[in-house]
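Dear colleague,

I am passing on the structure below, and after it you will find a short account of what turned up when I went through it. Please keep it open beside you while you read.

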Amino acid sequence: MTESKETNGLKQGTLNILNGIGLGVIAALVPAAILGQLMKALLGVAPAFAQTVINITTFTQSLLAAMAGFCAAYLFQMNMIQMCSVAAAAMIGSGAVTFKNGLIMVAGTGDVINIGLTITLAILLIKLIGNKLGSYTTILLPIIVLVVGGGIGLLILPYVKTVTTFIGMIVMAFTKLQPLLMGVLIGMSFAAMIVSPISSVGIAVAIGLTGVASGAANLGITGAAYTLGIMSYSVNGMGTTLAHFIGTPKIQMTNMLEKPKLFVPVLLSSALSGLLAAIFNLQGTPNSAGFGFSGLIGPLAAYAKMTPGWGSIILLTVLYVVYPVALGFFMRWLFIDRLSFAQAEDLRLEV
């Protein structure tokens, strides 16, 4: 009985941390994904307003770790001091904050894997300390959690980043394969990354993914996003459904890791999408590869590599909207309605 309780407690604790990261992703990344390209288009019309919005949403992305830490601590039913302490430690351990020549710089979202590890360390510290500090808790707890939890997170960051380096080497090997096979494997790889703690954007930039490989990564993520959104629309509502592809499918990370069978329809969709990218010679850049449809970054980067005109616009509309919508409904019919392999409830999001 005790062992069963411990197992259930460990599982629930892991889910709390993953759900916290997922909620942090929604709050930190979705605003920039939705508004980014729109504001860039308005720079020529209302430059001051558009640039201000861009600056705000870009900075907000760098708060991913703090938001994830706060949300995770909330799910553990911690008090305000404890939640703030976890958020601060996560921010330090994320790598989004750097210190150089007396300057403090904040850029990027940080390493999501290390964010999760730092949050775990901070929460374990708080559980270990408990009420032992008595009336000094308010003063000492934030110091201990920040210095010890955040400090350890900062120390292990370079080692955790080796995971990203290793994955990047594997993806780089795929780029040397026959184009159709490359499209399939890269589409699947980036779809798997976008619903995991690994940064698809970070990998793409780190290895300089470009050309058709970038297009395959982009379309693979797009196929996965539409599939997840459409398979779950009956339980998540329209707004949350749209957030899968307008924002990011990483919001499904907890469900994917808790129910690994969900990777089957996702990887199948991304494989078919990556294949189409190779067939139609869809291209992109290292900075666009890891986004998918989010913020229209993928389609716009692809259009920049194509012959301008209605033909290119129609092709991109088919590849980024018509085809993935049809693919998503097919996957829903096949895996939910026909095979009962999964249920829409498996993809429910508690936002």
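**Salt bridges, a hairpin and a buried serine**

Glu345 is partly exposed, with a relative accessible area of 46%, and please bear in mind throughout that this is a predicted model. The side chain of Glu345 meets that of Arg348 in a salt bridge, with 2.5 Å from N to O, and Arg348 also counts as partly exposed, at 32% relative accessibility.

How many salt bridges does a search of the whole structure find? The search finds two, and besides the one between Glu345 and Arg348 there is a salt bridge in which the side chains of Lys259 and Glu258 meet, at 3.5 Å from N to O.

Turning to the strands, strand 1 (residues 97-100) and strand 2 (residues 103-106) run antiparallel and are joined by four bridges; in one of the pairings, Phe99 has Ile104 in strand 2 as its bridge partner. The hairpin that these strands form has two residues between the strands, and Asn101 takes a positive phi near 50° there.

Finally, Ser214 belongs to helix 9, which covers residues 211-231. Is Ser214 buried or exposed? Its relative accessible area is 0%, and because this is under 20%, Ser214 is buried. If neighbours within four places in sequence are left aside, Ser214 is in contact with Leu209, Gly284, Thr285, Ser288 and Ala289.

Technical notes
Residues numbered from 1 in each chain as written. Predicted model: local features only at pLDDT ≥ 70, side-chain atom pairs only at ≥ 80, totals over all residues. Heavy atoms only, no water. Salt bridge = Lys/Arg side-chain N within 4 Å of Asp/Glu carboxyl O. Buried < 20%, exposed > 50% of the residue type's maximum accessible area, 1.4 Å probe, protein only. Pairing = 2+ DSSP bridges. Contact = heavy atoms within 4.5 Å.
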